[in-house]
Amino acid sequence: MSKLINQVLVVGGGTAGWLSASILAKQLNSQSPNAVQVTLVESPNIPIVGVGEGTWPTIRTTLENLGIDEGDFMRECDATFKQGSQFVNWVETPTKTHSESYYHPLSAVFHSSYDFNLAPYWLLGNAGETPYDQAVATQCHVCDAGLAPKKITTRAYDAIQNYSYHLNANKFSGFLAKHSTKHLGIKHIKANVTRVNLDDEGYIESVETDTSGTLSADFFVDCSGSRALLINGALNIPWLKIDDILFNDTALAMQVPYENEDTPIATHTIATAQEAGWTWDIGLHNRRGVGYVYSSKHTTDERAEEVLREYAGPMSKGVQARKIPLNLGYREKFWHRNCVAIGMSAAFIEPLEASAIFLVEAGANMMADQFPRSRDSLQYVEEKYNKTFRLRWDKSVDFVKLHYCITQRTDTAYWIDNCHPDSIPSALKNRLAHWKTHPPTKYDFDYAYEPFVLDSYLFVLYGMKYNADISHNSSSFPRNEEAKMKFENVEHVGKMLEKELPSHRDLVEKVYKYGFSKI
Amino acid sequence: MSKETIKHVVIVGGGTAGWLTAANLAKKFNSHDKSSIQVTLIESPDIPTVGVGEGTWPTMRKTLAKIGISESEFLTKCNASFKQATKFVNWKETPKNETSNHYYHLFTSIFDPADFNLAPYWNLGKVGQGQTYADSVSVQGKICELGLAPKTILNKEFEGVQNYAYHLDAGLFAKLLKDHCVEKLGVVHIPANVTEVNLDEEGYISSVSTDVADDISGDFFVDCSGFRSLLLGDALGIPFHSISDTLLTDHAVTIQVPYSDESSPIASTTISTAQVAGWTWDIALSNRRGTGYVYSSKHTTHEAAEQTLRDYIGSQAEGLEARVIKMNVGYRDKFWHKNCFAIGLSAAFVEPLEASAIFLIEASANMLSELMPKNRSTMHLIEEKVNTSFKFRWEKTIDFIKMHYFLSKREEPFWQANKDLSTVPKTLIDSLDRWKDQLVTSYDFDNVYEPFPLESYQYVLYGMGFEQDLRYSESAYSMTDVAQRNYSQVQSIAQQVEKQLPNNRDLLNKVKQHGFQKI
Amino acid sequence: MANVQPISSTQHGDVKIKDNATLAQSKNRHFAPVVVQEFVPASQEFPVIFIKDSETGTFRSIALLGLKPEENLFYADDAWQATYKPEGLTLSPFLLNQGEDTSLLCIDVDSDLINKELGERLFDEQGNQTEWLKDQGEKVVQYVEKTYATQNFIKLLLDNDLISSQTLNLKLENQEQYTLSGLYSIDEKKLNALSDEAFNALRKTGALPAIYASLLSMQRIHNLARRKMAQ
């Protein structure tokens with residue numbers, strides 16, 4: 001066996017750094033002295049970006065595996081429950097009297113359409129006038145009513161309606177740091193990396209720091225964000241831009257206080273389409289994180305701030321807005337030799353479907369699962385990892401673009417430009433062509449690690465009112481009675497849940513006080 | 001032309017491929033309603049069907065239920081029996097001094113390795129020391145050794161205590177399917193020989209000419225004409241890509257063996273026994289055994305091969321007729337071209353080592369019925385999707401089969417030839433190289449069309465005595481108590497099954513008398 | 001298991017059968033077979049449902065007598081406590097053994113009812129069948145006819161897809177919980193969803209009273225619960 005890999009150095013803190021380090025240390029059992037050891041070095045002063053404050057339901061499994069108590073986590077990270085995203089005004093230009101919206105709920109990940117795909121039946125009119133999301137998912141009713149996805153008596157990490165969290169990313173990395181250094185055997189060094197040293201074969205050998213000397217390791221994880229000290233700085237792996245597909249290049253963010261202690265907290269992310277982009281609205285416990293993601297080619301910074309403040313409402317008066325440049329794209333390769341980039345050093349797309357933290361979890365999981373024990377094994381994992389993540393990022397870009405390119409809005413050049421065929425990836429174009437006459441099926445998703453599954457596409461496609469005519473094949477869908485019953489059931493369960501579930505804010509307050517039981 | 005809706009599908013060729021496809025399509029389209037897509041099958045009254053592929057996969061249960069054939073009727077009319085595994089005898093090494101070796105490739109593990117993989121704990125000797133891998137994770141090996149069935153008369157149809165598939169008489173199966181198609185599913189049957197295939201100006205098939213009926217036109221054609229590949233190969237000129245440089249067997253000699261008496265036990269596993277220049281199959285139906293020897297004519301003569309088969313069968317073989325079949329091992333460059341899709345032997349053929357033929361027919365028919373294009377305009381998109389999917393499936397099937405040979409330590413020339421690296425696909429070499437010190441993980445199976453799941457690879461790898469050294473990652477497998485608990489559960493279930501399950505023949509007799517209930 | 005012998009004057013000349021008012025043989029059985037003709041009276045006291053025969057998997061109709069195997073809540077103080085007596089139980093120890101051409105009346109020689117002192121004789125001094133034995137024989141033959149009718153009735157239910165598998169979850173007042181699985185009953189939803197045509201056809205076969213009797217008898221599970229509590 002060639003040189004063994006015994007030491008891992010994670011460069012950079014934040015969500016990416018601490019999630020990667022924790023997941024790796026847990027999998028490799030770094031607590032044990034014979035196991036692979038994990039060290040994390042982070043700058044004591046570089047501020048963390050703080051975007052990506054929505055998560056996916058996979059975070060629950062991740063936290064549970066790391067041995068974290070759900071109540072503690074929520075309390076210390078200002079977290080609340082997220083049950084999906086609501087897309088407002090993406091299909092039609094809003095007027096003073098007209099606005100539309102649709103949900104992409106998190107219950108989508110249950111693949112229920114693999115057992116019985118209700119989409120064709122909805123298309124053929126079996127649910128009457130009810131929009132697709134309301135017809136197939138009780139979770140939409142729950143979100144509309146501002147209810148929580150579980151009760152105080154529900155076990156930790158268990159769900160009545162599938163959920164994830166909205167969280168304060170800064171507090172989250174601090175929380176992880178505390179937990180992982182204490183329980184998972186991770187060594188924590190606070191210092192700035194000044195130089196990266198390569199050996200004669202082009203592998204990273206060590207990094208120099210300002211206050212902690214030279215740190216050597218056998219394997220390196222680059223979580224240094226857009227600075228990409230290792231993967232770009234030292235290993236020169238270039239960045240591929242996607243600004244020809246997704247136009248947004250700037251974000252303007254602010255923290256808006258609630259009117260008072262009882263103001264309801266939204267249990268879903270609200271993404272509202274604007275004239276040159278979209279605003280996010282994420283309800284944490286003590287404030288709302290609000291921001292405008294926009295294209296500087298289609299509007300000015302001043303106008304953007306106006307739009308944001310108008311959206312955020314009176315409580316935003318006097319609150320400062322922070323401008324963040326967005327460089328959308330991804331590395332040509334994420335893993336090179338003995339270094340893998342995870343987080344913004346690897347890729348970044350706009351947070352329309354909150355994929356950033358999810359892809360950090362996915363990257364860390366795959367790295368941990370496939371962790372090569374010797375230099376010989378690196379090549380195989382590098383190829384596989386790069387192929388997998390390239391696919392995942394491409395598919396994420398496709399899915400985000402889908403929200404834009406089938407809009408019926410033509411009120412500004414931004415929306416018209418977004419529908420231009422040259423800006424649409426060919427794989428997506430082909431699928432859309434096919435879906436004009438056939439509803440999406442599981443055969444459109446041949447990759448086992450699809451970031452967005454069939455059900456997710458259905459919610460967006462039909463939420464965006466994509467015109468599809470399947471009448472030629474209506475005899476292939478004869479289970480009308482069954483479908484009608486399922487639609488009725490969704491309504492019925494929705495009504496039941498309204499009586500069972502507490503309001504979102506009520507549950508959050510209770511959890512902060514009492515936590516959830518592990519049994 | 002391209003806007004005309006597809007209304008009529010013509011299948012050329014009967015047998016398992018033709019009739020399973022017809023049943024699947026007609027059921028999906030609701031063909032007995034004359035306003036839906038219609039299905040016609042043209043079958044030669046003279047050409048005998050090949051009759052290989054008498055083992056199936058558990059997917060067959062779903063298929064039968066979907067097309068509306070009851071399990072009881074199927075078992076009775078097709079002389080079928082239950083299949084729970086393939087038993088590989090003497091594959092690991094040449095038997096010496098009367099001792100033989102064997103291992104099982106089973107259908108059921110008690111614990112899904114995706115949830116908890118017992119393999120590393122077994123490998124590191126923490127559970128199941130001195131026991132085979134199969135017996136450490138499953139009770140099905142024991143069930144097969146005892147000749148017990150995978151269910152009882154109290155289980156409803158298609159439901160099992162253990163996962164199972166069938167052994168069946170392909171000729172009788174085709175007949176059952178034909179009757180069902182014609183009587184219940186609205187398929188039109190034309191007994192005739194196809195004499196010409198007629199193309200239109202764009203190179204699409206417009207009709208076929210026959211010796212008894214008028215030209216039969218259609219919008220879409222399925223080529224189930226076997227090795228002759230009248231449509232895809234002959235008329236459309238899609239070449240055949242031989243893999244005789246990878247899989248070295250090229251002929252099969254077969255003999256049907258009656259049971260010595262009415263109460264002879266019926267094996268509920270396919271028995272595959274390695275021989276000097278190939279391997280013999282032994283498939284137990286309810287009324288006879290089908291046996292055959294798959295061999296390489298470069299490493300033995302036809303006479304010697306027949307003798308090897310007779311020796312395997314023993315004295316019962318006296319007076320029984322043998323039949324030799326030449327096998328064209330390989331696959332078409334593409335399976336779908338323009339408005340023609342080849343299913344069955346016209347598409348591809350590999351030796352039946354893992355009974356993949358009928359499974360791939362089911363998969364083809366499923367995909368076609370779900371994706372049947374509305375008209376020609378989007379056909380090429382589906383063509384590409386289907387070709388990519390099936391090329392992948394065939395390549396993986398070939399890899400998996402080759403793996404059985406490559407890992408063998410047998411010494412005869414045929415077996416040595418199989419270890420020559422020039423006969424081994426690179427994908428297999430790479431995978432095995434990785435697995436020599438890393439566990440097989442779900443990341444190795446990232447395409448949803450993987451024909452063989454993770455656990456199948458583990459059964460074969462460990463059964464063939466593949467050496468996997470996990471010592472360096474030992475500390476990562478720290479959940480020894482969970483492993484021991486799960487292992488004990490497997491052992492305790494193994495104790496109980498003996499009392500719960502009937503023997504195969506008894507159950508098959510009861511089914512003939514009473515059938516399985518539908519609920 | 002029954003130890004069955006055909007009745008003959010040579011073997012059983014001096015056999016007497018005790019009176020079986022107590023139905024003692026049912027003491028440790030949690031169900032009793034019922035024929036369709038009995039559904040109405042039986043449904044007054046017992047849940048009338050279906051189970052699969054353990055040898056053949058075919059369906060049988062039964063009266064449920066207990067909440068767990070070997071428990072008969074209707075047998076106490078050495079006597080049968082219910083008002084109704086399922087006919088099959090009353091014919092003990094007689095059975096009909098059906099061959100190709102002929103049927104033979106048999107008895108289960110292990111039955112406690114068989115003795116030489118008390119009860120009805122099978123044969124008189126001359127070795128001829130007693131009136132009583134002939135009577136019993138008649139009853140057994142007719143009962144067997146009723147079982148055929150019952151099988152036809154069950155087939156009718158299956159053909160109309162009216163039977164569903166049931167797991168009964170019972171929680172008694174004293175917090176004890178019972179889960180009974182392997183039971184099958186008539187599905188009211190499916191019955192109500194029948195087309196007019198199918199329902200009329202069912203009505204004409206005369207099956208409706210038995211169907212509704214079985215449906216309504218599901219309430220009798222509370223009888224069982226009460227008896228259990230009273231134990």
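In the predicted model, Ala32(C) stands opposite Ala63(C) in strand E5 of chain C. The model is a prediction, in which local features need pLDDT of at least 70 and side-chain atom pairs count only at pLDDT 80 or more, while totals for chains, interfaces and linings use all residues. Residues are numbered from 1 along each chain as its sequence is written, chains are lettered from A and ligands numbered from 1 in the order in which they are written, and side-chain values use heavy atoms, with hydrogens and water left out.

Strand E3 (residues 31-33) of chain C runs antiparallel to E5(C) and is joined to it by three bridges. Two strands are taken to pair if DSSP finds at least two bridges between them; helices (H or I, at least four residues) and strands (E, at least two) are DSSP runs, numbered from the N terminus. Strand E4 (residues 48-52) of chain C also pairs with E5(C) in the antiparallel sense, over five bridges, and Phe50(C) stands opposite Ser61(C) in E5(C). E4(C) and E5(C) form a hairpin with six residues between them, and in the turn Gly57(C) has a positive phi of about 75 degrees. Five of the six residues of E5(C) (residues 59-64) are buried, so this strand is largely enclosed by the rest of the structure. Buried means under 20% relative accessible area, exposed over 50%, and partly exposed in between (1.4 Å probe, protein chains only).

Twelve residues of chain C are in contact with nine residues of chain B, contact meaning heavy atoms within 4.5 Å. The area buried between the two chains is about 850 Å², of which carbon and sulfur atoms give 58%; buried area is the accessible area (1.4 Å probe) that two parts lose on being put together, summed over both. On the chain C side, Lys52(C), Glu55(C) and Thr56(C) lose the most area to chain B, together 49% of what that side buries.

In chain B, helix H9 (residues 302-313) has twelve residues and reaches 17 Å from its first C-alpha to its last, close to the expected 16 Å. The expected span is 1.5 Å times one less than the number of residues. Its buried residues are Ala305(B), Thr308(B), Leu309(B), Arg310(B) and Ile313(B), and these pack against strands E13 (251-258), E14 (270-275), E15 (278-284) and E16 (288-295) of chain B. Just after H9(B), Gly314(B) takes a positive phi of about 95 degrees.

Chain A contains an open sheet of seven strands with mixed pairing, in the order E5-E4-E14-E15-E16-E13-E17. Strands E5 (101-105) and E17 (322-325) of chain A are the edge strands, each pairing on one side only. Strand E4 (residues 84-88) and strand E14 (residues 269-274) of chain A pair in the parallel sense over four bridges, and Ile270(A) in E14(A) is the bridge partner of Gln86(A).

Thr15(A) lies in helix H1 (residues 14-28) of chain A and counts as buried because its relative accessibility is 11%. Leaving aside neighbours within four places in sequence, Thr15(A) is in contact with residues including Ala169(A), Phe172(A), Ile357(A) and Val360(A).

The largest nonpolar core has 168 residues, and those with the most contacts inside it are Phe73(A), Trp90(A), Tyr165(A) and Phe219(A). Such a core is a set of buried Ala, Val, Leu, Ile, Met, Phe, Trp, Tyr and Cys residues joined through side-chain atoms within 4.5 Å. Helix H12 (residues 375-405) of chain A gives the largest share of this core, eleven residues.
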